[in-house]
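Here is a short briefing for a first look at this structure. Keep the model in view while you read.

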Amino acid sequence: MSDILVVTSKVKKFIRDKSGFNTSAELIEGLSQKVEQICLSAIERAKADGRKTVKGRDLEASPPSE
């Protein structure tokens, strides 16, 4: 398992406040994996654009083809 990239307490509070539901550890791990994938895609877009800074616009572009 890789590092957790989300603040667990914040995610749990958000879900509880919005729904009254509990949050499993499995959800936190899955969410963290999604964040990692999004970041890696954004890094690739910045590289393809010749930049060393990942920007918000790198999140919005369509995923790079593999």
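Thr 8 is found in helix H1. Its relative accessible area is 31%. That value falls between the 20% limit for buried and the 50% limit for exposed, so Thr 8 is partly exposed. The model is a predicted one.

**Thr 8 and Thr 23**
- Thr 8 and Thr 23 stand 15 residues apart along the chain.
- Their C-alpha atoms are separated by 9.3 Å.
- Thr 23 sits in the loop between helix H1 (8-19) and helix H2 (25-48).
- Is Thr 23 buried or exposed? Its relative accessibility is 15%. Buried means under 20%, so Thr 23 counts as buried.
- Which residues does Thr 23 touch, leaving aside its neighbours within four places in sequence? Thr 23 is in contact with Lys 12, Ile 15 and Ile 28.

**How H1 meets H2**
- Two packed helices are described by the angle between their axes and the distance between the axes.
- The axes of H1 and H2 come within 11 Å. They cross at roughly 115°.
- Angles of 65 to 115 degrees count as roughly perpendicular. H1 and H2 are therefore roughly perpendicular to each other.
- The crossing of H1 past H2 is right-handed.
- On the H1 side, the contact is made by Thr 8, Val 11 and Ile 15. On the H2 side, it is made by Leu 27, Ile 28 and Leu 31.
- Of the residues in this contact, five are nonpolar and one is polar. No charged residue takes part.
- Ile 15 and Ile 28 belong to this helix contact, and both are also in contact with Thr 23.

- Where is Lys 55? Lys 55 lies in the loop between H2 and helix H3 (57-60).
- Lys 55 has 37% relative accessibility. This is between the limits of 20% and 50%, so Lys 55 counts as partly exposed.
- Lys 55 and Ile 43 are 12 residues apart in sequence. From C-alpha to C-alpha, Lys 55 and Ile 43 are 8.9 Å apart in space.

**The chain as a whole**
- How many helices and strands does the chain have? There are three helices and zero strands.
- From the N terminus on, the order of elements is α-α-α.
- The chain has 66 residues, and 17% of them are buried.
- Among contacts with a separation of 6 or more, 28% join residues 24 or more positions apart.
- The accessible surface of the chain is about 5500 Å². Carbon and sulfur atoms account for 55% of that surface.

Conventions. Residues numbered from 1 in each chain as written. Predicted model: local features only at pLDDT ≥ 70, side-chain atom pairs only at ≥ 80, totals over all residues. Heavy atoms only, no water. Helix = DSSP H or I, 4+ residues; strand = E, 2+ residues; numbered from the N terminus. Buried < 20%, exposed > 50% of the residue type's maximum accessible area, 1.4 Å probe, protein only. Contact = heavy atoms within 4.5 Å. Areas by Shrake-Rupley, 256 points an atom, 1.4 Å probe, with all protein chains shown as cover. Axes fitted to C-alpha atoms, helices over the stretch in contact; angles between N-to-C directions. Parallel < 35°, antiparallel > 145°, perpendicular 65-115°, else oblique. Left-handed = near helix turned anticlockwise from the far one by under 90°. Nonpolar A, V, L, I, M, F, W, Y, C, P; charged D, E, K, R; others polar.
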